[in-house]
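Please open the model in your viewer and keep the selection panel at hand. The tour below goes from stop to stop, saying what to select and what is found there.

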Amino acid sequence: MFVSKAEYRVNAEFAQRNLENIKAFLPLALERLRPGSSYSVSVSKDGRSFLHLFIHQAEPDTEILGEIPAFLHFLKEVMEGCEIPPSMTTFTEI
């Protein structure tokens, strides 16, 4: 199993727009997941710090996100609205 983690913090004025962008792509991403995989997004109490967790049963299948236009739009805007840019880490189950 593989776990991909992305964390970032957006500017205060972009926080609501980021939530809207996530809500636009997340249902589409969940529909495309392979059996046994999951994707979740959490926001911290400050409303500006976000955590994306993508759990894959086999090889990381992050390519499914790149097939979703709403995800590509989210990526473009989040890079412009970040105070702290995304850091991405992938873990392998022991």
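**The sheet**

Begin by selecting β1 and β3, which pair in the antiparallel sense over 8 bridges; strands (E, at least two residues) and helices (H or I, at least four) are DSSP runs numbered from the N terminus, and two strands pair if DSSP finds at least two bridges between them. The model is predicted, so local features need pLDDT of at least 70 and side-chain atom pairs count only at pLDDT 80 or more, while totals for chains, interfaces and linings use all residues. Residues are numbered from 1 along each chain as its sequence is written, and side-chain values use heavy atoms, with hydrogens and water left out.

Within this pairing, pick out R9, which stands opposite S49 in β3. Now widen the selection to the 4 strands of the open sheet, which follow the order β2-β3-β1-β4 with antiparallel pairing. At the edges stand β2 and β4 (82–92), each with a single partner strand, so one side of each is left without a neighbour in the sheet.

**Helix α1**

Next select α1, which lies across β1, β2 and β3 and runs at about 10 degrees to β3; axes are lines fitted to C-alpha atoms, for helices over the stretch in contact (heavy atoms within 4.5 Å), and angles run from 0 to 180 degrees between N-to-C directions. Colour A15, N18, N21, I22, F25, L26 and A29, which are buried in α1, that is, under 20% relative accessible area with a 1.4 Å probe and protein chains only. These buried residues pack against β1 (2–10), β2, β3, α2 (63–66) and α3.

**The aromatic rings**

Which residues do ring pairs link into a cluster? Select Y8, F25, Y39, F50, F54, F71 and F74 to see them. A search of the whole structure finds 7 aromatic pairs, where rings of Phe, Tyr and Trp (its six-membered ring) pair if their centres lie within 6.5 Å, and planes under 30 degrees apart count as stacked, over 60 as edge-to-face and the rest as tilted.

Zoom in on F25 and F74, a tilted pair with 5.0 Å centre to centre and 40 degrees between the planes. This pair links distant parts of the chain, with F25 in helix α1 (residues 15–32) and F74 in helix α3 (residues 69–81), 49 residues apart. Both F25 and F74 are buried.

Finish at Y39 and F54, whose ring centres are 5.1 Å apart with planes at 70 degrees, so the pair is edge-to-face. Here Y39 belongs to strand β2 (residues 38–43) and F54 to strand β3 (residues 49–56), 15 residues apart.

Conventions: Buried < 20%, exposed > 50% of the residue type's maximum accessible area, 1.4 Å probe, protein only.
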